[in-house]
Amino acid sequence: MKKHQNHQLCTIEKHSCKYLGNVNVDLFIKKTSGGAVIWNPPLSMACMRWVGTRGIGKVQLVLFLVEASVKFCSVLMQELAAVVHLLRVWSIERFWLISWSIASKKSLQFTASTSVSIPTLSFRSLLKSTMGHQADENLETKEMDERSLSISHGQEPYVHRVGVPPRQNLFKEFQSNVKETFFSDDPLRSFKDQTKSRKFILGIEAIFPILSWGRNYTLKNFRGDLIAGLTIASLCIPQDIGYAKLANLDPQYGLYSSFVPPLIYAVMGSSRDIAIGPVAVVSLLLGTLLQNEIDPIANPTDYRRLAFTATFFAGITQATLGVFRLGFLIDFLSHAAIVGFMGGAAITIALQQLKGFLGIKKFTKKTDVISVMQSVFSSAHHGWNWQTIVIGASFLTFLLFARYIGKKNKKFFWVPAIAPLISVILSTSFVYITRADKEGVAIVKHIEKGINPSSVKEIYWTGDYLGKGFRIGIVAGMIALTEAIAIGRTFASMKDYQLDGNKEMVALGAMNVVGSMTSCYVATGSFSRSAVNFMAGCETAVSNIVMSIIVFLTLQFITPLFKYTPNAILAAIIISAVINLVDYQAAILIWKIDKFDFVACMGAFFGVVFASVEIGLLIAVSISFAKILLQVTRPRTAILGKIPRTTVYRNIQQYPEATKVPGVLIVRVDSAIYFSNSNYVKERILRWLMDEEEQIIGDYQTRIQFLIVEMSPVTDIDTSGIHALEELYRSLQKRDIQLVLANPGPVVIDKLHTSNFTTLLGEDKIFLTVAEAVAYCSPKLAEDP
């Protein structure tokens, strides 16, 4: 081709138009006696395939470069790397490179021309000589694989093969799976390379962590723990009295549960910040479940015995989960379900306090909002006591104001902590002085003096109540465990230390087992007290010991002083404590992030509020399991496209600029393929294929000849999954479409080899990356007209 012929290319027929950067790029095609001359700056894969599939024969390629766009040069490098194999397949003898500049919108000015033979073509040197120094600097920042940029004469590009992992014997594979499932944290790591005596000491320290951190305990640590312990003790004493009433137990049992369990946890627990004792949600749950079996007023002794029995089995449940390392079971209750359940429980608890807050004597035993409100309004004319309402409203306002001060300024964290105790002291003094109890103000009356009596003989070891206690204990134990672990992990992350969940379960279980034998009911970590403990500067679990000592002194000497404490103040304390459990901000965030999670949250919330605590809990668990089943049986799939100027393929919905490869459909499966979803995965891929073929027919594009399945997210596959792939392969064969796999993982490729699916498919159709799979498909598309 002569130089003057190059100048005549401006008159060639215009075929189509594309846009690249800031330059309009026109594609011209003209048949010549030797084949065709193509003017195509970006070397469009679609255009190259158009020429190859029409059997034009030998082709001379003429490429024009725009001097005004240095960015165009890097685009060219990407395109050349993608189609260089096609140049050789189509026997293109000469490569013409002509640079030009824009003189005006209507005319072009040619400045240079170069002709290079394809077998000896060096694109980098060619572009450097043509585009100049500025382009060379730009190209140096776009380093590419030498295998892609230059191809030696007679040499195919190197393709990585997917490796098959060495086979393990059955015992080692089973051992590995068990270790990963139950011992993923490698709890015995510290025992390696240790003497027998040292291993024994480490074993004792693992059971009793206090022996480990106690050796380094200092006076400075004690100062922080002392202040924190005194602070949470002032908060827990009035709360415990109120929570015991919530569980339909006498007030002293709440104090008992803040004496023994914290001591056991301080010795065996690994959290430095968690504060142990009765909590509102568990107290309400336990009280609701127990009164469904025994009337606490008509038969208080049997009711109390069943409470101790349920506490015993709650502890056994928690310890068993820890010993057998089954803590992952509590994760089945999703965060959204917990938020809804806690919020509903907080509303229910607050409504239950209207009895003491308004001075109502006859109150419904049901917990749903409709029954409670009916009971409240039906007694409005004759059952409300105005003196009780004044006391309750006044001190509730004081408690909420104290909480506001503590939130606004963290330095005053102690204000909301001591406000409940101040309220108790002031209200008790007021009632005693004015003798308001004679005016109808309900008071606590008698609280047993002295420390916890033994309750071993009161636990039901036989009979019908044994089974009932077992069922109630499992439910209460799981809820208590979920709350405690969540609180412990929250504060551990804030202080940047690791919390062993299984050790926590053993510690919580042990303290509840011992507690059930010392007249305690289910205790766990309290979020409000733990937050105060954290802000008060606690250093270790010694703060729980300090709190226990204060509770002990209260039981021994101070309980008679609570005789005139009005029930209204206990109701106000509980209402102020549970308000924070209604986390509306978390609910809004859940709505924004995941609508299905929001359904779980609201289902649990309305279940508790309008039905009962156990119904709400059942709904929460059911929706959590439904979400897991839905995600397992209906995994996500996506169509992938090529990100411009890269060899990366991504979801075209996430990256709209990603372009599909003509003649190739790339599908990614975002889940393991099991019996539960294998049929869906196969049908969804075929549906993608049908949709794509319909679109291609409408747009007159190249028909689909290859289906590439990107298997990077597929972590595992079973026999049903392999069978589904075989059916997919046979279905594609009938459509004259080839199946190609990209990057199957070690477990998947091992099973595919074992099942001989790789033989059926062909090992030459399994690639390490999607880019290599596409490179394999492109020449095939050119060869198959």
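**Close-up 1. Surroundings of T540 in the predicted model.** A polar contact of 2.7 Å joins the side chain of T540 to that of D225 in this model, which is predicted. T540 lies in the loop that runs between helix α22 (527-535) and helix α23 (542-558), and with a relative accessible area of 11% T540 is buried. Leaving aside residues up to four places away in sequence, T540 touches W213, Y217 and R272 as well as D225.

**Close-up 2. The aromatic pair of F312 and W461.** A search of the whole structure finds 17 aromatic pairs. In the pair of F312 and W461 the ring centres are 5.2 Å apart and the planes stand at 80 degrees, so the arrangement is edge-to-face, as angles over 60 degrees are counted. Because F312 belongs to helix α14 (residues 300-323) and W461 to the loop between α19 (414-434) and α20 (464-495), the pair ties together parts that are 149 residues apart in sequence. F312 is buried, with a relative accessible area of 10%, whereas W461, with 43%, is partly exposed. Ring pairs also link F312 and W461 with F313 and F470 into a cluster.

**Close-up 3. The aromatic pair of F491 and F527.** The rings of F491 and F527 form a tilted pair, with 6.1 Å from centre to centre and 35 degrees between the planes. This pair links distant parts of the chain, since F491 is in helix α20 and F527 in helix α22, 36 residues apart. F491 counts as buried at 5% relative accessibility, while F527 counts as partly exposed at 44%.

**Close-up 4. Arginines over tyrosine rings.** R272, one of the residues that T540 touches, lies over the face of Y497, at 4.1 Å from the ring centre. R305 lies over the face of Y460, likewise at 4.1 Å from the ring centre.

Close-up 5. Six strands form an open sheet of mixed pairing, in the order β11-β10-β12-β13-β14-β15. Its edge strands, each of which pairs on one side only, are β11 (649-651) and β15 (766-767). Strand β10 (residues 637-642) and strand β12 (residues 664-669) run antiparallel and are joined by three bridges; the bridge partner of T637 in β12 is V669. Helix α29 (residues 719-734) packs on the sheet, where it touches β13 (706-710) and β14 (738-742), and the direction of helix α29 makes about 140 degrees with that of β14.

Key:
Residues numbered from 1 in each chain as written. Predicted model: local features only at pLDDT ≥ 70, side-chain atom pairs only at ≥ 80, totals over all residues. Heavy atoms only, no water. Pairing = 2+ DSSP bridges. Helix = DSSP H or I, 4+ residues; strand = E, 2+ residues; numbered from the N terminus. Contact = heavy atoms within 4.5 Å. Axes fitted to C-alpha atoms, helices over the stretch in contact; angles between N-to-C directions. Buried < 20%, exposed > 50% of the residue type's maximum accessible area, 1.4 Å probe, protein only. Polar contact = N/O pair within 3.5 Å; in protein donor to acceptor, adjacent residues only side chain to side chain. Phe/Tyr/Trp six-rings, centres within 6.5 Å; stacked < 30°, edge-to-face > 60°. Lys NZ or Arg CZ within 6 Å of the ring centre and 35° of its normal.
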